[in-house]
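Notebook open. I wanted to look up a ligand site first, then the aromatic rings.

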Amino acid sequence: MAGLTGHPVLEIGDKFEELQNNNINNNKNKEVIDKAGLVVKGEENSNNNNNNQGGERDMAPPTSNSLHRSGSRPQLDLSKAAIQGNSEERDPTILLPNQSDDISHFALDIGGSLIKLVYFSRHEGQSIDDKRKKTVKEISNGSRRSYPILGGRLHFVKFETSKLNECLDFISSKQLHNGSKHSYFFPFSFFLDPSSFLINGDSHAGIDSHYWNSEAPNKENAVIKATGGGAYKFADLFKERLGVSIDKEDEMDCLVAGANFLLKAIRHEAFTHMEGHKEFVQIDHNDLFPYLLVNVGSGVSMIKVDGDGKFQRVSGTNVGGGTYWGLGRLLTKCNSFDELLELSQRGDNRTIDMLVGDIYGGMDYSKIGLSASTIASSFGKAISDKKELEDHRPEDISLSLLRMISYNIGQISYLNALRFGLKRIFFGGFFIRGHAYTMDTISFAVHFWSQGQAQAMFLRHEGFLGALGAFMSYEKLGLDDLMVHQLVERFPMGAPYTGGKIHGPPLGNLNEKASIVRLSLVLLLDLTLHFVWVQLQISWMEKFVLKGTEITAPVPMAPPGTTGLGGFEVPSSKGGTLRSDASALNVGVLHLVPTLEVFPLLANSKMYEPNTIDLSDHCELEYWFTVLSEHLPDLVDKAVASEGGTDDAKRRGDAFARAFSAHLARLMEEPAAYGKLGLANLLELREECLREFQFLDAYRSIKQRENEVSLAVLPDLLMELDRMDEEARLLTLIEGVLAANIFDWGSRACVDLYHKGTIIDIYRMSRNKMQRPWRVDDFDLFRERMLGSEGKKPRPHKRALLFVDNSGADVVLGMLPLARELLRRGTEVVLVANSLPALNDVTAMELPDIVAEAAKHCDILRRAAEAGGLLVDAMTSTLDGSKENCSSVPLMVVENGCGSPCIDLRQVSSELASAAKHADLVCYYCSVMGRANIYIPFLLVSGE
Ligand SMILES: Nc1ncnc2c1ncn2[C@@H]1O[C@H](COP(=O)(O)OP(=O)(O)O)[C@@H](O)[C@H]1O
Ligand SMILES: CC(C)(COP(=O)(O)O)[C@@H](O)C(=O)NCCC(=O)O
Ligand SMILES: [Mn+2]
């Protein structure tokens with residue numbers, strides 16, 4: 001598992017606390033998995049050491065092509081690529097017969113102020129072409145869907161309605177309107193014109209669809225879904241410019257469909273914001289309706305929502321976002337909405353608003369619950385004939401206007417909630433703009449007037465409700481069937497700081513990055529084009545490196561103070577600039593992965609929390625920020641070495657370090673910037689960031705070296721185990737699993753420990769320390785089931801799932817011997833490993849080779865691996881001479897669907913979910929790194 005927390009699973013949130021309190025309650029642990037039976041936990045082990053692991057060897061990158069939930073790289077199938085027609089031609093067409101479609105769909109919400117665009121890039125997963133192929137088939141028993149499975153990504157982008165042309169250019173440059181086409185051709189000329197890469201775009205769209213299409217687009221039939229007034233107003237323009245017809249969807253229908261989808265499908269979509277404090281709310285799907293939806297766009301619509309498609313627009317107000325921006329622009333001469341909002345942060349509305357105290361001689365009007373600081377009359381002081389507009393500070397005007405409008409919206413919303421007895425009010429629309437003071441003001445109004453009975457909540461995808469709803473009206477996409485576990489939100493890592501014109505979420509001008517891939521393709525076909533490739537690759541990376549030095553810290557949104565009696569002080573944040581639109585949207589790309597499933601043995605997926613550590617606790621965040629920052633130079637060294645230490649790798653390493661540091665800094669300032677933040681998210685972010693800078697496996701050589709060393713000592717270990725009687729062997733095996741899990745490069749103490757001795761020394765030393773009773777110690781129950789007791793026969797398990805974690809000793813000396821013991825007793829064993837590399841975790845792709853090597857020394861493993869389809873080639877002779885006949889009991893490998901050091905059991909691969917259904921033993925172990933850097937390994941063994 002590796003990782004600073006290991007794979008935190010099985011209610012480890014609870015467990016971790018319990019562990020820290022030295023108060024483990026076995027019964028509670030047993031509730032974790034339906035088929036609970038046994039929990040075994042190892043000794044606490046404190047390790048301190050130093051030293052450095054020396055020189056890495058450069059190795060060829062792995063050819064991982066399995067589908068997993070990250071999938072942040074474009075996947076190209078270049079096999080059988082060929083130039084069509086005459087290769088001497090200037091713009092020959094290249095045929096990629098095996099490249100799957102990248103079909104795009106998009107929908108628009110064209111409002112009074114902004115155009116919201118939601119588009120989908122879809123690609124097929126590649127077929128599994130590794131040694132696990134047979135395993136996967138076996139496990140599925142024919143029930144599993146066969147690859148490829150369609151997945152894709154939803155991207156969110158916005159434009160100003162007044163700049164409709166920008167939107168049309170964007171659509172055109174991405175050829176979104178040529179969507180569902182089935183050709184795999186593209187013109188060579190695209191690659192020779194660097195300017196064609198300078199369009200706005202994002203990294204996660206991967207390869208734009210038009211690169212695959214050279215046929216004249218079939219525009220006549222193209223129909224796109226759009227909502228908002230602009231769907232009517234600009235329909236002709238769309239036809240003229242893009243040749244597409246607009247299929248108009250009702251705005252209210254779309255708002256409701258979008259809100260319902262988000263509230264059901266995105267785990268932490270809604271949050272409260274009171275007095276500067278943001279808290280994510282977990283909405284119970286079965287208890288969502290009714291609610292009041294308030295969409296604050298140019299104007300405001302208030303909709304009572306009773307179910308999917310069941311709603312009534314109950315009210316609205318013409319004092320909305322357009323009013324703030326329009327009046328604000330007139331009164332302050334601001335050039336942009338953000339500038340206006342920024343001004344408000346430095347404003348003092350008391351100079352312009354008439355307060356209760358102004359009227360009551362500085363006193364509260366407490367009889368009716370009004371404090372002296374309550375605004376009695378917005379802009380009331382402007383009646384003074386002593387002051388003209390220019391005598392007022394634009395900052396004060398902006399704040400006064402913002403407060404007036406936000407408060408008014410909050411108050412009218414409350415009245416409508418009261419009218420219909422609604423307790424929950426969700427606010428959307430881009431007027432909110434994730435702005436702390438706006439949200440606080442609305443929340444305050446709702447709270448104050450409802451006396452705490454109604455709750456204001458905000459939506460992370462605030463302005464995109466209508467566009468999402470329009471998008472979902474494409475029936476064939478079946479998006480409404482998507483479930484929360486099939487969606488993974490990712491924040492592209494390099495983009496926020498790359499500069500250039502950015503639309504939408506933190507994506508940036510990354511088409512240049514995708515161009516690297518495209519040009520590599522050109523390279524394959526025509527090496528003379530090398531110079532173009534190099535030039536463009538540099539341009540993207542250099543841009544990042546240069547911009548990286550200009551990264552500015554975000555503006556802290558300090559909480560405003562309140563005075564209690566209905567009054568609000570001025571915002572205490574006097575900060576500088578607002579974040580640019582791109583990063584301020586705070587929404588990432590939504591990856592739709594239909595293959596993800598909830599781990600079926602999870603007893604209570606609602607209660608389950610994969611994050612052992614909640615980073616909204618500032619002390620925790622600061623601690624982990626320091627750990628990750630300090631570890632960064634070492635990680636960059638490893639990453640660069642893993643790519644051969646070339647100049648290109650160094651440049652990418654530098655860019656990675658800047659990108660990751662910038663994200664860390666951002667999260668330090670605003671921990672909830674990317675949604676609810678836990679340690680598992682932060683660790684995953686780091687892996688994603690590495691991948692985005694094309695470091696596919698930073699620990700590659702370390703892993704290989706440790707596998708080799710561990711495999712070399714495995715035969716001795718197996719002999720030692722075989723000399724023991726059954727009981728001693730079982731105990732030693734469990735101790736071995738606990739001991740070997742110490743080899744985790746995610747923990748500082750463990751890295752230090754490495755330099756104390758050889759792997760086998762450390763393994764033995766750790767094993768000897770695992771004195772019973774362990775913190776959680778159900779070993780006796782386990783032994784009884786495995787070996788039987790007086791009057792009770794052994795009851796071998798049918799199928800065991802062994803979650804494997806770190807490469808080297810952990811898997812080889814810890815888990816494989818346990819697997820062997822289970823196989824020997826007739827239990828099928830499924831090794832569960834990461835889909836993509838993360839730290840020193842072993843991956844599912846790497847396991848067959850490790851098992852094959854181990855099988856050379858062990859007949860049991862060899863036969864089982866053969867039975868499980870892991871050994872494709874005939875094996876060499878074995879050394880341990882075991883002759884037990886277990887050829888029919890297979891050893892298999894499945895990927896867990898995860899590319900992070902921490903697994904989230906709510907989102908695992910379908911092959912793991914499928915394997916779990918027949919399992920009656922789950923063996924899951926992890927090391928928990930406490931704040932004191934104390935290593936606490938524990939193993940959860942649950943069986944029926
Ligand atoms: N960059 C921006 N430009 C203009 N208005 C913005 C911007 N960001 C936020 N807003 C606010 O959002 C409002 C538009 O919200 P939106 O939900 O998109 O409504 P509409 O559908 O009417 O365009 C604007 O009136 C303004 O108050
Ligand atoms: C007319 C609208 C639905 C248009 O939507 P918008 O472009 O503002 O998002 C909206 O502006 C609105 O509901 N206005 C309030 C009108 C009223 O009820 O007084
Ligand atoms: Mn709108």
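Around ligand 2 I listed G111, G112, E251, M252, S298, G299, V300, S301, R313, G316, T317 and N318; I took a residue as near if one of its heavy atoms lies within 4 Å of the molecule. This is a predicted model, where local features need pLDDT of at least 70, side-chain atom pairs count only at pLDDT 80 or more, and totals for chains, interfaces and linings use all residues. Residues are numbered from 1 along each chain as its sequence is written, chains are lettered from A and ligands numbered from 1 in the order in which they are written, and side-chain values use heavy atoms, with hydrogens and water left out.

I sorted the shell by type and got 2 nonpolar, 8 polar and 2 charged residues. For this, Ala, Val, Leu, Ile, Met, Phe, Trp, Tyr, Cys and Pro are nonpolar, Asp, Glu, Lys and Arg charged, and the others, Gly among them, polar.

Which elements supply at least two residues of that shell each? I found α8 (251-265), β13 (300-307) and β14 (310-317), with β14 giving the most, 3 residues. Helices (H or I, at least four residues) and strands (E, at least two) are DSSP runs numbered from the N terminus.

Next I checked distances to the oxygen atoms of ligand 2. A side-chain N or O atom of E251 is 2.7 Å from a ligand oxygen, and I read 2.7 Å for the side chain of S301 too. From G112, a backbone N or O atom lies 3.1 Å from an oxygen of the ligand. The protein covers 64% of the 470 Å² of accessible area that ligand 2 has on its own (Shrake-Rupley method, 1.4 Å probe).

On to the rings. My search of the whole structure gave 22 aromatic pairs (ring centres within 6.5 Å; planes under 30 degrees apart are stacked, over 60 edge-to-face, the rest tilted). I looked at Y324 and F337, which are edge-to-face at 5.9 Å centre to centre and 90 degrees between the planes. Y324 is in helix α9 (residues 321-332) and F337 in helix α10 (residues 337-344), so the pair ties together parts 13 residues apart in sequence. Buried or exposed? Y324 is buried at 0% relative accessibility, and F337 is buried at 17% (buried is under 20%, exposed over 50%, partly exposed in between, 1.4 Å probe, protein chains only).

I also noted F271, F280, F427 and F458 as one aromatic cluster. The charged end of K278 sits over the F271 ring, 4.5 Å from its centre (NZ of Lys or CZ of Arg within 6 Å of the ring centre and within 35 degrees of the ring normal).

How values were computed
A polar contact is a pair of N or O atoms within 3.5 Å; within protein, one must be able to donate a hydrogen and the other to accept it, and residues adjacent in sequence count only if both atoms are side-chain atoms. Rings of Phe, Tyr and Trp (its six-membered ring) pair if their centres lie within 6.5 Å; planes under 30 degrees apart count as stacked, over 60 as edge-to-face and the rest as tilted.
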